[in-house]
Amino acid sequence: MSSTRERKLSSKVLIQFTGLKFLTPMLTIHCAACKKKLWRYEKFGPGEILRCHKDRIIRMYNSKMHEHKIQCPCGKDIGIDKGSYYKMIAKAFTYKGTKRNERR
Ligand SMILES: [Zn+2]
């Protein structure tokens, strides 16, 4: 009987874990001009990306700093360095990733 209980418990943990993953989607930020992959970002909360917090950037692929701006290697300005985050320039980037309600 104890093995059945364990199995039930582990499936419950799995559901909770999956739920957590849906709440913190991972997004890949791309340059809108050349489509180059820029960085991978852990988004927190719903809505548009207006800022990218540096401590939530999981992985940097391509980017360069020019004065106080973060740019794509093609030279397009992507965001402005504000210390702990980048203020993102709308239309300079696109993103792809797991969102809630998207199950593909
Ligand atoms: Zn680019």
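**Exercise 1. How many helices and strands does the protein chain have?**

Residues are numbered from 1 along each chain as its sequence is written. This is a predicted model, where local features need pLDDT of at least 70 and side-chain atom pairs count only at pLDDT 80 or more, while totals for chains, interfaces and linings use all residues.

Step 1. Helices (H or I, at least four residues) and strands (E, at least two) are DSSP runs, numbered from the N terminus.
Step 2. The protein chain has one helix and nine strands.
Step 3. Read from the N terminus, the elements follow the pattern α-β-β-β-β-β-β-β-β-β.

**Exercise 2. Work out the strand order of the open sheet of five strands, and find its edges.**

Step 1. Two strands pair if DSSP finds at least two bridges between them.
Step 2. The order of this open sheet is β3-β8-β7-β6-β5, and the pairing is antiparallel.
Step 3. At the edges stand β3 (51-53) and β5 (64-66); each has a single partner strand, so one side of each is left without a neighbour in the sheet.
Step 4. From one strand to the next, the twist averages 30 degrees, with axes being lines fitted to C-alpha atoms and angles running from 0 to 180 degrees between N-to-C directions.
Step 5. Now zoom in on one pair: strand β6 (residues 69-71) and strand β7 (residues 77-81) run antiparallel and are joined by three bridges. Lys69 has Ile80 in β7 as its bridge partner.

**Exercise 3. Find the residues of the largest nonpolar core.**

Step 1. A residue is buried if 20 or more other C-beta atoms (placed from the backbone) lie within 10 Å of its own, exposed if 12 or fewer, and partly exposed in between.
Step 2. A nonpolar core is a set of buried Ala, Val, Leu, Ile, Met, Phe, Trp, Tyr and Cys residues joined through C-beta atoms within 7 Å.
Step 3. The largest such core has twelve residues, including Leu27, Trp39, Cys72 and Phe93. Both β1 (26-31) and β2 (37-42) supply at least two residues each to this core.
Step 4. Leaving out residues up to four places away in sequence, Cys72 touches several others, among them Cys31, Leu38 and Ile78; contact here puts C-beta atoms within 7 Å.

**Exercise 4. Why does Ile49 count as partly exposed?**

Step 1. Locate Ile49 in the loop between β2 and β3.
Step 2. Ile49 counts as partly exposed because it has 15 C-beta neighbours inside 10 Å.
Step 3. Beyond four places in sequence, Ile49 touches Lys43, Met88 and Tyr95.
Step 4. Ile49 and Tyr95 lie 46 residues apart in sequence, with 9.2 Å from C-alpha to C-alpha.

How values were computed:
Two residues are in contact if their C-beta atoms, placed from the backbone, lie within 7 Å.
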